[in-house]
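Subject: Structure handover

Hi,

Here is the structure you will be working with. Please open it beside this email and follow along.

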Amino acid sequence: MPIPITAPAATEVLIVGGGLGGVAAALAACRAGRRAVLTEETDWIGGQLTAQAVPPDEHPWVEQFGTTASYRALREGIREHYRRWYPMRAEALTAPYLNPGGGRVSKLCHEPRVALAVLEGMLTPYRSAGLLTVLTEVRAVAADTEGDLVRAVTLQDVRDGERHTVAAPFVVDATETGELLELAGVEHTVGAEGRDEFDEPHAPDTAQPLNQQGFTVCLALSHHEGEDHTVERPASYDFWRSYRPGFWPGPLLGFLAPDPRTLEPVPRTFVPNPREDPLAVAADQSADAGDKELWGFRRILARKLHREGAFGSDVTLVNWPLNDYWLKPLIGDGEQTARQALAEARELTLSVLYWLQTEAPRPDGGTGFPGLLPRPDVTGTPDGLAKSAYVREARRIKAVTTVTEHDVAIDLVGPYGGTRHRDSVGVGGYRIDLHPSTGGDNYVDIGSVPFEIPLGALLPRRVRNLLPAGKNIGTTHLTNGCYRLHPVEWNIGEAAGALAAHCLADGVWPHEVREKPERYDEFARVLDRAGVQRHWPDVRGY
């Protein structure tokens, strides 16, 4: 029987969405002594890092600076989990910057369950103290508003349909698609803005609301040579096998794909369980995107980091050019289109798997890798697919401050440029990275500079007590491409949770904190004490 939805009557901060931004918001609010409710649509908190199964995309300085102290604690907690519980060889145990998966996309590739365990541990003291209630397998279905305030949100249990309404003085939208913005009537945008709005060089001439980045249903795999784990042929396999996008150099199911930065056709390789020592892998996307060898790109468990025979195979995550889905938009074209898009994206990933098992060219001249085994135990699902789609773009608030290409693009501001915001509440760094879109765009991958997160980007122009905590802040279709990554989402969520708590303590609205210098300075000191870095040292963009 599902556990009934119950929330404390005196909830002070309601956080809808249990991804990284939501968890960080809950930690910040509870750290300040506030009572919070955190909701999550799946049974795993953690979003990108867990239910979506995506290892963190991070900037090259992440081990030294450029994140919040609590995000560093999460990263070190993940490393410590491996050191304590896994049969690691001595050299791995003593590696100060251990990369558990030895993947090239990140300096901290790891399994989603490990991140889940650490995140749960970080929340546990506040749950024990009665400050935090976590409701899983619920989603927001309605919001009660009064003028410029959101008074309450109605939650529905995804298992039995039971509904419960939670009221709170402050509401945080940490959903993956910014769905609370629509439910609460908060002014927002979706898709690509027209060039006439912000004069961004890479924007289309006119607005394209249904032009959104593709999303991906990820898959965990291991490989066992000599075994046959071939799955049932997917119903839509013939379509995906023959599908060739107009901007692609060959069939989508193939190892030839554009280089995201140059758009030149570049062959990918696929070598399961390579012989190289994972400790020799250098993950630095400023020097090498690392995406040309698919097995090692997002590897999340490296067997050679452990004692001989402990693991029969690496585990890798399929989040590649082959399984990005962009045929239908996920947002803005109705629930039926969204459901179809999700179903087709799942079919695409299963078709990639079947193609790999049966038709993919092998280095030895043969075809197919039947020993590829989907790993439900890794993803917590029946089929090895992630619990949730990896969504790269959400609804975005019409904000007091909108970050545009003119604030961050290296070609516009220079390698040491970028806008310094007097109201900064954090920092981030990543290239402006847009995947192929529902509007028929190829990759847009633009160099950017290390950037700041302005408080104004967290403030809706009208609504006073709702704060975004993820990809729904005041960015554009383009700049979302660098603000959407794991450590930035965490920082945004932490700032949102801290701001709600600060406003409750001082009896003010978030807009007052930004508008009055003395109030912002007081809030900035709160962030400084929590270890939130608000400005960058002198580093060069890439």
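Start with R298 and D57. Their side chains meet in a salt bridge, 4.0 Å from N to O. By salt bridge I mean a side-chain nitrogen of Lys or Arg within 4 Å of a carboxyl oxygen of Asp or Glu. R298 sits in the loop between helix 8 (294-297) and strand 13, while D57 sits in the loop between strand 2 (36-40) and helix 2 (69-85), so the pair ties together parts that are 241 residues apart in sequence. Helices (H or I, at least four residues) and strands (E, at least two) are DSSP runs, numbered from the N terminus.

Are these two residues buried or exposed? R298 counts as buried, at 6% relative accessibility. D57 is buried too, with a relative accessible area of 3%. The cut-offs: buried is under 20% relative accessible area, exposed is over 50%, and partly exposed is in between (1.4 Å probe, protein chains only).

A word on the source. This is a predicted model, in which local features need pLDDT of at least 70 and side-chain atom pairs count only at pLDDT 80 or more, while totals for chains, interfaces and linings use all residues. Residues are numbered from 1 along each chain as its sequence is written, and side-chain values use heavy atoms, with hydrogens and water left out.

How many salt bridges does the structure hold? The count is 46. The general idea is simple: side chains of opposite charge can pair when their charged atoms come close.

Take R79 and E76. Their closest N and O atoms are 2.9 Å apart. Both residues lie in helix 2, three residues apart, which is about one turn of the helix. R79 is buried, with a relative accessible area of 0%. E76 is partly exposed, at 36%. Both belong to a network of salt bridges that links E58, E63, R75, E76 and R79.

Now R195 and D205. Their side chains form a salt bridge of 3.4 Å, N to O. R195 is in helix 6 (residues 195-198) and D205 is in the loop between helix 6 and strand 9 (215-216), so this pair ties together parts that are 10 residues apart in sequence. R195 is partly exposed, at 32% relative accessibility. D205 is exposed, with a relative accessible area of 58%.

Strand 14

Next, look at strand 14 (residues 315-318). V315 and L317 point one way, T316 and V318 point the other way, and all are buried. Which strands pair with it? Strand 10 (residues 219-223) runs antiparallel to strand 14, and three bridges join them. In that pairing, L219 has V318 as its bridge partner. Strand 13 (residues 299-301) also runs antiparallel to strand 14, joined by two bridges. Here R299 has T316 as its bridge partner. Two strands pair if DSSP finds at least two bridges between them.

Helix 16 and the cysteines

A524 lies in helix 16 (residues 517-530). A524 counts as buried, at 4% relative accessibility. A524 and S424 are 100 residues apart in sequence, yet 8.3 Å apart in space, C-alpha to C-alpha.

How many disulfides are there? The structure holds zero. A disulfide here is a pair of cysteine sulfur atoms within 2.5 Å. For C503, the nearest cysteine sulfur is that of C30, 16 Å away. C503 is buried, at 2% relative accessibility. C482 is also buried, at 0%.

Best wishes
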